[in-house]
Every structure is written in C-alpha cells, then in structure tokens.
Amino acid sequence: MPMIDIYAPAGTFADPHALATAAAATVKDVEAVPDIPMFRSNTAAFVHELPGHYLADVDGAGDHVRVQVLTNAGALDRDKQLAVVERLTALVADAAGDAGLADRTWVLLTEAAPGGWGLWGHAHTNEELVQAARAEIAKLQGAAG
C-alpha cells in the first residue's frame with residue numbers, strides 16, 4: 001500500500017488528479033497485490049506543485065520532477081523496483097507532455113521499517129499487513145458466496 005509523492009514546478013502537469021490516480025494504479029499493479037478495497041483505497045499518490053523558484057539543480061534549472069515511493073519493507077523486489085522507476089518516469093513525462101522530462105525525473109524508493117507502516121490507527125509489520133489482506137479476502141469471498 002504505497003504512498004507516492006510527486007513534486008514538480010507548478011503548471012508542469014495539465015491534470016494533477018489524473019496523474020495521481022495513474023501513479024497509484026501503476027505502483028499497485030507493479031506490486032501485484034490483490035485487487036481488494038484494502039489496497040485500492042490505501043494506495044495513493046499526492047502531487048505537490050511548487051513555485052518555480054523552489055527547485056533548482058546546480059546550474060539553476062528548475063524543470064525537474066521528484067517522485068518518492070514509500071512502501072512497506074520488502075514490497076518491491078529488484079524487478080519491481082526497476083519496473084516502478086521505469087513506469088513512473090514514463091508516466092510523469094507523458095503527463096507533462098514533455099518526453100525530455102524523463103531525463104529530469106528522479107524516483108526515490110523508500111521502505112518503511114517493519115512496524116513503521118501505519119494504517120487504521122495501528123503500526124503494522126509486514127506479517128500483520130499480510131494477515132489483514134488475507135482476512136479481507138476471506139471476508140469478500142464469504143460475502144460473495
């Protein structure tokens with residue numbers, strides 16, 4: 001249930017809400033978690049638009065994007081790390097209508113420590129998240145049967 005933060009100069013994206021929705025769906029798909037409400041409603045992206053003068057590289061250029069993906073520990077193996085970075089970079093460039101932005105997009109993958117993932121007022125370990133997902137799946141299957 002990752003949280004995705006996208007930071008960019010204001011006006012970079014024509015539709016920040018569509019970008020946020022697509023970014024959340026992208027990471028959820030790469031993680032390959034079950035398509036259940038627990039994951040659908042708790043995988044989210046936030047687009048932070050910054051005034052242009054709030055961002056600069058060494059040369060003073062401010063036309064960069066930073067994407068940070070926070071997951072529970074171990075959620076992304078190496079193949080998933082590569083896929084998340086590739087797909088989010090392409091998504092950001094496409095949403096901006098600027099293919100060159102792919103060269104100016106940084107994607108940071110961050111893992112919360114076990115017990116450092118709060119949901120429903122509880123700091124979950126990975127095992128607790130798995131148990132919660134299994135319980136939701138069982139509940140959904142029982143309601144459908």
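**Entry 1: terms and model**

I take a polar contact to be a pair of N or O atoms within 3.5 Å; within protein, one must be able to donate a hydrogen and the other to accept it, and residues adjacent in sequence count only if both atoms are side-chain atoms. The model is predicted: local features need pLDDT of at least 70 and side-chain atom pairs pLDDT 80 or more, while totals for chains, interfaces and linings use all residues. Residues are numbered from 1 along each chain as its sequence is written, and side-chain values use heavy atoms, without hydrogens or water.

**Entry 2: overall layout**

I counted 4 helices and 6 strands in the protein (DSSP runs numbered from the N terminus: H or I of at least four residues for helices, E of at least two for strands). Along the sequence they come in the order β-α-α-β-β-α-β-β-β-α. I looked up the extent of the C-alpha atoms: along the principal axes, they fill a box of roughly 55 × 30 × 30 Å. Of the 145 residues, 36% count as buried (under 20% relative accessible area with a 1.4 Å probe, protein chains only; exposed is over 50%, partly exposed in between). Among contacts (heavy atoms within 4.5 Å) with a separation of 6 or more, 77% join residues 24 or more positions apart.

**Entry 3: helix H3**

H3 covers residues 78–96, 19 residues in total. At the start of H3, a side-chain oxygen of Asp77 comes within 3.2 Å of the backbone nitrogen of Asp79. After H3 comes Gly97, with a positive phi near 65°.

I then listed the buried residues of H3: Val84, Leu88, Thr89, Leu91, Val92 and Ala93. They pack against H1, strand S3 (65–72) and strand S4 (105–112).

**Entry 4: Thr26**

Leu88 and Leu91 are among the buried residues of H3. Thr26 and Arg87 are 61 residues apart in sequence, yet their C-alpha atoms are 7.3 Å apart. Thr26 counts as buried because its relative accessibility is 10%. A polar atom of its side chain lies 2.7 Å from the backbone oxygen of Ala22.

**Entry 5: pockets**

A pocket here is an open set of points on a 1 Å grid over the protein atoms alone, where a 1.4 Å probe fits, with protein on both sides within 12 Å along at least five of seven lines; lining residues have an atom within 4 Å of a point.

I put the largest pocket at about 270 Å³. It has 18 lining residues, of which Val33, Phe39, Asn72, Ala75 and Val130 are closest to its centre. H2 (37–40) and H4 (126–144) each supply at least two lining residues, and H4 gives the most, with 6. By class, I recorded 11 nonpolar, 3 polar and 4 charged residues in this lining.

The second largest pocket comes to about 190 Å³. H1 (16–31) and H2 each supply at least two residues of its lining, and H1 gives the most, with 7. Among the lining residues are His17, Thr21, Lys28, Asp29, Phe39 and Arg40. The lining has 5 nonpolar, 3 polar and 3 charged residues.

How values were computed:
Grid points are joined across faces, edges and corners, and a volume is the space filled by probe spheres set on the points. Ala, Val, Leu, Ile, Met, Phe, Trp, Tyr, Cys and Pro count as nonpolar, Asp, Glu, Lys and Arg as charged, and the others, Gly among them, as polar. The expected span of a helix is 1.5 Å times one less than its number of residues.
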